[in-house]
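Me: Got a model open here and I'd like to talk through a few bits of it. Can you take my questions as they come?

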Amino acid sequence: MDLLNTLVDKGLRRELPTRDEALAVLATSDDDLLDVVAAAGKVRRHWFGRRVKLNYLVNLKSGLCPEDCSYCSQRLGSEAGILKYTWLKPDQASDAAAAGVAGGAKRVCLVASGRGPTDRDVDRVSETIKAIKENNEGVEVCACLGLLSDGQAERLREAGADAYNHNLNTSEATYGEITTTHTYADRVDTVNKAHAAGLSACSGLIAGMGETDEDLVDVVFSLRELDPDSVPVNFLIPFEGTPLGKEWNLTPQRCLRILAMTRFVCPDVEVRIAGGREVHLRTMQPLALHLANSIFLGDYLTSEGQAGKADLEMIADAGFEVEGTDQVTLPEHRASGGCGSGGGCGSEGPDGNGVCGSAPVPQAGEPRTDLVAVRRRGAGTDLAPNA
């Protein structure tokens, strides 16, 4: 296919595809899907080999958010039955992080619900970062605390943070339909603040919220312009009790096309399969490793992920290897730019429990509410984490 040959050539040169080429990837048929995966896989292997970076989320403060993001189980007015708790103490967060590191994670992502941190919150997170760094040699730490005020990114950097995550989520044109309590421009400003402070910037998207192909291409092109080191691709978890709880718009094939388009537009960037891979990719998760070079290990913020052991087995069975702490994630031309080694955070991701016994086989396109499992273990509980 001439389109795919062109996209591979451009990806190897770090040349931006045209919008029409990106849209054409999303419009390919299921018959061409393996060809699309193979083409994007050439670009992924050129820049990242067969390494897979593992990241581990620690939810420092769960629920109780004043923002109205329609996709989020922690939003204002959410009726999702998630865990709700205030800030973890630094030693609690460090213990949670250690479980992920022991499971193979190279990066720990510290996330807190809310519009953005107060200066006191930054002090608290700074203590947590220092505790994690002291107890886990070589670990990278990414913070994801919402909108940043002037000087806060610099303080996090001084405390030892390597990266900061703040996702654009969707296109600028449709952002106001998803969130009204802050703007798309607010999000761009926070990513720029992270960049300016010398943090490795991480910013991504959420697919499956009812957006068009044009919206997806818009947000990925905007991310390319922002030039983060890491682009997490989330697939909406339709939590019951949220405004988007009935949005089941994704198939495994569409998820793969979205990941491929992201790889072609951002060829030398760490593309992470973030929330929703277990729900929407399901048994096709291993194919996605040919497109993305990074995943989250174990559980997510308010939902469960598949067992950490299953993640490691999937990586090995697919012929990939876990990236070590002694390896630099990004290609040399990016890693030498002073923004760390790449990374970042995502959003939600649920359990990958299978259907067994005499249970009916789900039909294509049928909502898989059985796969959305609220997290009840790990940070904020007395139960062992999944890592």
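Reply: Helices (H or I, at least four residues) and strands (E, at least two) are DSSP runs, numbered from the N terminus. This is a predicted model, where local features need pLDDT of at least 70, side-chain atom pairs count only at pLDDT 80 or more, and totals for chains, interfaces and linings use all residues. Residues are numbered from 1 along each chain as its sequence is written, and side-chain values use heavy atoms, with hydrogens and water left out.

Me: OK, helix 8. What do its buried residues pack against?
Reply: They pack against helix 6 (152-159), helix 7 (175-178) and helix 9 (213-226), plus strand 4 (163-165) and strand 5 (200-202).

Me: And which residues of helix 8 are buried?
Reply: Tyr 184, Arg 187, Thr 190, Val 191, Lys 193 and Ala 194. Buried means under 20% relative accessible area, exposed is over 50%, and partly exposed is in between (1.4 Å probe, protein chains only).

Me: How far apart are the end C-alpha atoms of helix 8?
Reply: They are 19 Å apart, which agrees with the 18 Å that the 13 residues of helix 8 (residues 184-196) should span at 1.5 Å a residue. The expected span is 1.5 Å times one less than the number of residues.

Me: What follows helix 8?
Reply: Gly 198, with a positive phi near 85°.

Me: Which residue has a positive phi although it is not a glycine?
Reply: Asn 169 is one, at about 75°. Asn 169 lies in the loop between strand 4 and helix 7, and is buried at 3% relative accessible area. Asp 227 is another non-glycine with positive phi, about 60°. Asp 227 sits in the loop between helix 9 and strand 7 (230-235), and is partly exposed at 37%.

Me: Switching to rings. How many aromatic pairs are there?
Reply: The count is 2. Tyr 175 and Tyr 184 have ring centres 6.1 Å apart and planes at 70°, so they are edge-to-face. Phe 296 and Tyr 300 are also edge-to-face, because their planes are at 75°, with centres 6.1 Å apart. The rule: rings of Phe, Tyr and Trp (its six-membered ring) pair if their centres lie within 6.5 Å, with planes under 30 degrees apart counted as stacked, over 60 as edge-to-face and the rest as tilted.

Me: Are Tyr 175 and Tyr 184 buried or exposed?
Reply: Both are buried. Phe 296 is buried too, at 0% relative accessible area, and Tyr 300 counts as buried at 2%.

Me: Which charged end sits over the ring of Phe 296?
Reply: That of Arg 272, 5.2 Å from the ring centre. Arg 50 lies over the face of Phe 320, at 4.9 Å from the ring centre. The test is NZ of Lys or CZ of Arg within 6 Å of the ring centre and within 35 degrees of the ring normal.

Me: Now the largest nonpolar core. Which residues touch the most other members?
Reply: Val 58, Leu 156, Phe 235 and Phe 264, out of 92 residues. A nonpolar core is a set of buried Ala, Val, Leu, Ile, Met, Phe, Trp, Tyr and Cys residues joined through side-chain atoms within 4.5 Å.

Me: Last one: how many disulfides?
Reply: The search finds 0, taking a disulfide as a pair of cysteine sulfur atoms within 2.5 Å. For Cys 69, the nearest cysteine sulfur is that of Cys 72, 6.3 Å away.

How values were computed
Contact = heavy atoms within 4.5 Å.
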